[in-house]
Structures are given as C-alpha cells and as structure tokens.
Amino acid sequence: MTAGRGGNRPLPLTEAWDLRSGKVPWRDKDRPPPATGELPSGHVDIAILGGGIMGSILADRLRANGRTVAICDRRAPGTGSTAASTAQLMWAMDVPLTTLANRLGEQEAARRWKRVFAALEHFGRHLDGLDGSLKQDSPTLYLAGDLLGIDALAAEAALHQKHGLPSRFLAADTVAERFGIAPRPGLVSTGTFAIDPVRTCHALLARAQDRGISLAYPVDIAALHPLPRGIELETTEGRSFVAGNVILATGYERARLFLPDAFSLLSTFAIATPPQTAPLWKENAMIWEASDPYLYVRAGNEGRIIAGGEDIEIADSDVRNHLLPSKAGAIAAKLAKMLGREKIEWDCEWAATFGSSPDGLPAIGPARNMEHLWIAAGFGGNGIAFAALAAEILEASLDGASDPDAPCFDPYRFETE
C-alpha cells in the first residue's frame, strides 16, 4: 500500500490548515527554533512527522534509548498549533470522569484517567530535570456550570478521591475566600502545572539534537511507501529516505487515510490582557468551567491573563476569523464576571484549530492499514499531557513490549463501541 502517491507528483499526506490567526501575546522571532539540518542520508530507526510539542516529546524520549531518530516538519518547529496553546497541563479531561464512567464503567474510566495522571506526573519530573524554569506548578479550579452543577461536581470530586486522584470539592463561599473570585462551587486539584509550550518544545528538540537526532524543516512528507522492514518517506520534491518505523505526530493536520473520523476538528478562541494585569486572583490557579461553551483562564508571562474557550465545531479559518471579535468580547465578559470585575481589557486575541474526540482522550497506537506506522494524535483538551502519554506507550510498543493500557487509547476504539 502507498499513501499519498498521485500521478507524477505526490499528493499531500496530511491536511494543511491555517492553524492560528489573530494576535498572540508572544513573537515567533523572540523564540528562534533549533537549526534545521538535512534529510537522513541512510536508514533511521524512527521518523517522526511533526516537530511541535508532540514530536519534540517523542523525539526526546525515544532518542534517549539509543535509537536513531529523524524529525521532519513542513514549518518551523513549534510554530503551528503548539504556538497557539495556552498550555494548561492538567490530568482532568474535557469529558468528566463521572460521564466516562457511565459509558465505560467506573473501573475502566478510572484506569484511563489514572494513566494520564501518571504520565503527567512523570513528564513534570522530566522537565524539572531538564530545566526547572520550564514549568510553574499551580492548582486547577474546576467551577460548577451547566454541564456539572453543584451535586454533580461534588460527585465528580468524590469519584476522583475514590481512585486516588488529588481533588477536593469546595463550597462557593470557600472558593471565593480562597481564590478571591466570585462565589461559585468548585473542584480544586493538584498535580497540575503550566509551561511555555514553544520554549519547552525547543528545549526538548535542542537536547535531542545534542544527542544525535536529525531535524529537517521546512520539509513536506507527501507519501509513505511500505517496505518489508520499514517505510520509505517521500517528500513533495521527490527526495526520500527510509525508516524502520514512522510516527504521525502532525497535530491537527490529520492524515485522514489513517486517523478515523471520530477524531474531529473545531475552532477555539483566546484573549490576553496587557502585561502586569495579573494577579487578579490567588494561588496562580488555572481556572476552568464545567460548562458548554466553557471558559478557561490562567496567568501567563509578564503578568498577562490568558483566557479562552467559546469553541465552535467548525475548523474553517474564514468562519473562525469572522467570529473572532465577538468571541473575544464574550470571553472578556465571562472573565470579568468570574473575577467580580466590571470589565476586562485585552490587547491580544487569536483563534486556533483544535481537535476533539468522543471520550476526550487521544489516538495513540499502530495504524491499522500500514505496518510500521504509528499514530500519536493528542486530540482533546490535554494535548501536551497526551504527548507525554504517547511517548510512554509508543516507547514500550517499539521495544516489542505490551503496554497494558494501550487499548484504552487505540485510534480505532470507537469502531468497536
């Protein structure tokens, strides 16, 4: 089987999207990516397609075990969806644990959440060992909303605690007193942190390069040709190299031949206040809502407040851009109400393509229709945590081991439900 071949010139292997638009509170030129190199001249053990946060976490982990690794990306690393991320690293999913338990059963739902929790915990320690300044520990506060009211949120907290997940239900007055926001019942959790996603991506890639990986961009891999013991990767320019295994870490630019339609695209919106606005609440907590549409907020660099949400189930950039001003205004109004303020000023607003799945969990595992091909798609609200999870699962699989939790995140799991 060949993926992407058409006529005299290969067709795109993955979708091509305008992944973000608007003004973000950082400048790409202030965060230059690691230097590009050449395509491999010979065989490599692993080729990773995508140099964003998913690809960088994979490369850092897989190279550490002595494999030869090559990364290719059609754009500079970290300048696609990674640069649009607000980078709240949480182990709680967009789909509540109680909701998932109703679908899968309590033990199976808890199994998935506990594995994401463990992966995030391991990744946090890993970042501490690389550069302690890359992460900032902070609790998360999940506020009651139209998806989970007071009783449902209390039940969610109880289920977390039952399975060893560090959460606690707080009454509205307690939330107001502890965090300095408008009274509202909430679920406070620990074991969470924030990062600068682009800086972290570049730091991981730089270390992986120091250890011998090759990084080439802009390079567009257009076709995959299966071989008896690997895959030949062909660029749009007709150049090629061979890898024993290929990992699709292409973010929200899906390889539709391999990723099932259950993993869908939507658009999300965000704003940032001027510098020195924060702090406007206590403990530097990351705050989000059990609502649809929801609001999430955290403090960023330079004392900015970053807030977002208002998702729509459309990935078209023209529609997204048309809606950006009104969505930014809605986010600012919700933020002002949450913080008990008359109004919130902002100087940056942007929109981005985002991915979701029916259970809020990622697609990690072997592609069904090509040997030696693997999928690492962090669809859902925890893309960076899912990248850390993907590194653990794929490392075991490439070593020929069986990760007991791998079936929980199999890309084709919805076809059997």
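In this predicted model, Glu234 stands opposite Ser240 in strand E13.

**Strand E13 and its partners**

Strand E13 spans residues 240-248, and seven of its nine residues are buried. Strand E12, residues 230-235, runs antiparallel to E13 and is joined to it by four bridges. The two strands form a hairpin with four residues between them. Within that turn, Gly238 has a positive phi of about 90°.

Two further strands pair with E13 in the parallel sense. Strand E2 is joined to E13 by five bridges, and Val44 has Ala243 in E13 as its bridge partner.

| Partner of E13 | Residues | Direction | Bridges |
|---|---|---|---|
| E2 | 44-49 | parallel | five |
| E12 | 230-235 | antiparallel | four |

**Cysteines**

How many disulfides does a search of the whole structure find? The search finds zero. A disulfide is a covalent bond between the sulfur atoms of two cysteines. For Cys201, the closest cysteine sulfur is that of Cys72, at 15 Å. Because a disulfide requires the two sulfur atoms to lie within 2.5 Å, this separation is too far for a bond.

Is Cys201 buried or exposed? Cys201 counts as buried because its relative accessibility is 0%, below the cut-off of 20%. Cys348 also counts as buried, at 1% relative accessibility.

Definitions and conventions:
Residues numbered from 1 in each chain as written. Predicted model: local features only at pLDDT ≥ 70, side-chain atom pairs only at ≥ 80, totals over all residues. Heavy atoms only, no water. Buried < 20%, exposed > 50% of the residue type's maximum accessible area, 1.4 Å probe, protein only. Pairing = 2+ DSSP bridges.
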